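Here's a quick briefing on aromatic side chains, inside and out. Have the viewer open while you read.

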Amino acid sequence: KGYTTSQRDALSSPQAGDTVYNSDTGTIDFYNGLDWVATSSTTFTVTISYLVIAGGGGAGSYSAGGAGGYRSSYSTDVSGANSSTESAFTITPDGSTNYQVVVGAGGAGANTASNGSTSTFHTISSTGGGGGRTPGQGANGGSGAGGASSWTASYNGGSGTANQGMGGGRANAVYYHDLGGGGGGAGAAGTNSSGTTAGSGGDGLASSITGSSVYRAGGGGGRAQNGTNGSAGQGQGTNTGGGGSPGSSGAHDPGDSGVVIIRFNTARATINIGAGLVSSTATDGSDTVVTFTGGSGNVQFS
């Protein structure tokens, strides 16, 4: 017969050698004449799947920001740069071990824009997207920013990070025109400028970790002076990690903030979310899905 720890401790007059199954810990416990002793550590474990996307890079006056690095371990989802699905975590829900969560902010837009900030879950970190330049080579990042040409000089886009995102597009010089390359996305590279048309952002990737397929981490679209602007890649918006786009006015748009999403079997564990984190919790079938949209802090599972 199974007993919870409290029920076990409430048994009257146990005798040395009495043995019970502890339903709280999944262990066989015996009474040694003085105390109840477990024969092993808890046998209960839970698998935690994750989607960790860093903040997108900000836009320069012409070149677009790259998307934040994208890492996924959920089901058959691919990870950034169309790489293999990562391995989920299997943990012991002991109620005391801290697992760090950090949600990266989008990079600020400027003539020389900022990269996005890193997002983290436990040992998994995604690199912030590259920031745009005016003019110059796009910054490297989770996905690279587009390059920004002057009238007489062409510049390459920045590089993405392996297994997280793609590179930004090249900006080719055209006299009397400043042009921007498209920012790299999680699933496709930013395109190069062509003629007087700026490069478009690379598409992001779709994940169903929340129960619905959602695109995130698209690259920003470049701007053209006296030409045609490039379009942003699929996967833009708050908490998508999308790269910033300069826009028709040359506004220095910031990158989109990142996101951390985790999913686990509801019957296997409960989560305690510490101070400093902004989150929402939902149920999808037999699983709990927690979406972190801001802040930093620790969580525990029990």
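Which residues form a nonpolar patch on the surface? In this predicted model, they are Trp151, Tyr175 and Tyr176, and together they put about 360 Å² of accessible area on show. The rest of the tour is about ring pairs, and the count of aromatic pairs comes to nine.

**Tyr50 and its partners**
- Tyr50 and Phe121 make a tilted aromatic pair, with 6.5 Å centre to centre and 50° between the planes.
- Tyr50 sits in strand E5 (residues 46-53) and Phe121 in strand E9 (residues 119-121), so this pair ties together parts that are 71 residues apart in sequence.
- Both Tyr50 and Phe121 are buried.

**Phe264 and Phe301**
- Here the geometry is edge-to-face: Phe264 and Phe301 are 5.5 Å apart centre to centre, with 85° between the planes.
- This pair, too, links distant parts of the chain: Phe264 belongs to strand E15 (residues 259-265) and Phe301 to strand E18 (residues 287-301), 37 residues apart.
- Phe264 has 2% relative accessibility, so it counts as buried.
- Phe301 comes in at 1% relative accessibility, so it counts as buried as well.

**Back to the surface**
- Tyr175, one of the patch residues, is found in the loop between strand E11 (148-149) and strand E12 (179-180).
- Why does Tyr175 count as exposed? Its relative accessible area is 51%, and exposed means over 50%.

How values were computed. Residues numbered from 1 in each chain as written. Predicted model: local features only at pLDDT ≥ 70, side-chain atom pairs only at ≥ 80, totals over all residues. Heavy atoms only, no water. Phe/Tyr/Trp six-rings, centres within 6.5 Å; stacked < 30°, edge-to-face > 60°. Helix = DSSP H or I, 4+ residues; strand = E, 2+ residues; numbered from the N terminus. Buried < 20%, exposed > 50% of the residue type's maximum accessible area, 1.4 Å probe, protein only. Patch = residues over 30% accessible without salt bridge, like charges linked within 9 Å, V, L, I, M, F, W, Y side chains within 5 Å. Areas by Shrake-Rupley, 256 points an atom, 1.4 Å probe, with all protein chains shown as cover. Salt bridge = Lys/Arg side-chain N within 4 Å of Asp/Glu carboxyl O.
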